[in-house]
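Here is a quick tour for someone meeting this structure for the first time. Have a look at the picture, then read on.

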Amino acid sequence: MGWAFVFFASIFELVGVVGLNKFNEQKTWLTTLLFIGGFGTAFAFLYSSFHYLQVSIAYAVWIGIGTAAAVLVNMVFFNESKSIGRLVSVGIIIFGVCGLKLVS
C-alpha cells in the first residue's frame with residue numbers, strides 16, 4: 001500500500017509541476033488549482049505512505065520519480081533541451097534512487 005501512495009504522490013507532484021509551469025505563463029484559477037492542488041495532494045499521499053514505508057526511502061523515491069518525470073515532461077511538452085547530458089543525469093537520478101532502495 002505504501003508504494004501505491006508514493007506512486008500517486010509522484011503523479012500528483014507531476015500535476016503540480018505542470019501547474020507551476022502553466023501558472024508561470026498565465027495566472028488563472030485553473031493553473032492555480034493545478035499548482036496548489038497537485039502539490040497539496042502529492043504531500044497528502046506522501047504523508048500517507050509514511051505509515052507503511054521508512055520516511056527516508058519513501059521521500060527519496062518520491063523525489064527521484066518526481067524529478068525525473070518533471071524533466072522528461074518538460075522536455076516533451078514544454079520544449080526544454082533534450083541534450084544527452086540531461087538524459088544521462090536523469091538516468092543517474094533513477095540509478096541512485098534504485099540503489100538506495102536496494103541497500104536499505
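Let's start with a pair of neighbours: helix 3 and helix 4 cross in a left-handed way. This is a predicted model, so everything below describes a prediction. The axes of helix 3 and helix 4 (residues 84-103) come within 10 Å, at a crossing angle of roughly 160 degrees. That angle makes helix 3 roughly antiparallel to helix 4, because anything over 145 degrees counts as roughly antiparallel.

Now step back to the whole protein. It has four helices and zero strands, and reading along the sequence gives the pattern α-α-α-α. Its C-alpha atoms fill a box of roughly 40 × 35 × 15 Å along the principal axes. Of the 104 residues in the protein, 32% are buried.

The other pair to look at is helix 1 and helix 2. Helix 1 covers residues 2-25 and helix 2 covers residues 29-49; their axes come within 7 Å and cross at roughly 160 degrees. Helix 1 is therefore roughly antiparallel to helix 2. The crossing of helix 1 and helix 2 is left-handed. What kinds of residues make up the contact of helix 1 with helix 2? They divide into 15 nonpolar, nine polar and two charged residues.

| Helix pair | Axes come within | Crossing angle |
|---|---|---|
| helix 1 and helix 2 | 7 Å | roughly 160 degrees |
| helix 3 and helix 4 | 10 Å | roughly 160 degrees |

Back to helix 3, which runs over residues 55-77 and has 23 residues. From its first C-alpha to its last, helix 3 reaches 32 Å, close to the 33 Å expected at 1.5 Å a residue.

What comes after helix 3? It is followed by N79, whose phi is positive. N79 has that positive phi, about 55 degrees, although it is not a glycine. You'll find N79 in the loop between helix 3 and helix 4. Is N79 buried or exposed? With a relative accessibility of 65%, N79 counts as exposed, because the cut-off for exposed is over 50%.

There is also a record to compare with. An unreviewed UniProt entry lists residues 29-47, 59-78 and 84-103 under "transmembrane region". In the model, residues 29-47 are 100% helix and 0% strand, and the end C-alpha atoms of that span lie 26 Å apart. Residues 59-78 are 95% helix and 0% strand, with their end C-alpha atoms 26 Å apart.

Finally, zoom in on two single residues. V18 is found in helix 1. With a relative accessible area of 25%, V18 is partly exposed, because that class lies between the 20% and 50% cut-offs. Along the chain, V18 and V71 are 53 residues apart, and their C-alpha atoms are separated by 11 Å.

I92, for its part, sits in helix 4. Its relative accessibility is 55%, so I92 counts as exposed.

Terms used: Residues are numbered from 1 along each chain as its sequence is written. This is a predicted model: local features need pLDDT of at least 70, side-chain atom pairs count only at pLDDT 80 or more; totals for chains, interfaces and linings use all residues. Side-chain values use heavy atoms; hydrogens and water are left out. Axes are lines fitted to C-alpha atoms, for helices over the stretch in contact, and angles run from 0 to 180 degrees between N-to-C directions. Helices (H or I, at least four residues) and strands (E, at least two) are DSSP runs, numbered from the N terminus. Angles under 35 degrees count as roughly parallel, over 145 as roughly antiparallel, 65 to 115 as roughly perpendicular and the rest as oblique. A crossing is left-handed if the near helix is turned anticlockwise from the far one by less than a right angle, and right-handed if clockwise. Ala, Val, Leu, Ile, Met, Phe, Trp, Tyr, Cys and Pro count as nonpolar, Asp, Glu, Lys and Arg as charged, and the others, Gly among them, as polar. The expected span of a helix is 1.5 Å times one less than its number of residues. UniProt positions are given in the numbering used here, feature names are shortened, and annotations may be inferred rather than shown by experiment. Buried means under 20% relative accessible area, exposed over 50%, partly exposed in between (1.4 Å probe, protein chains only).
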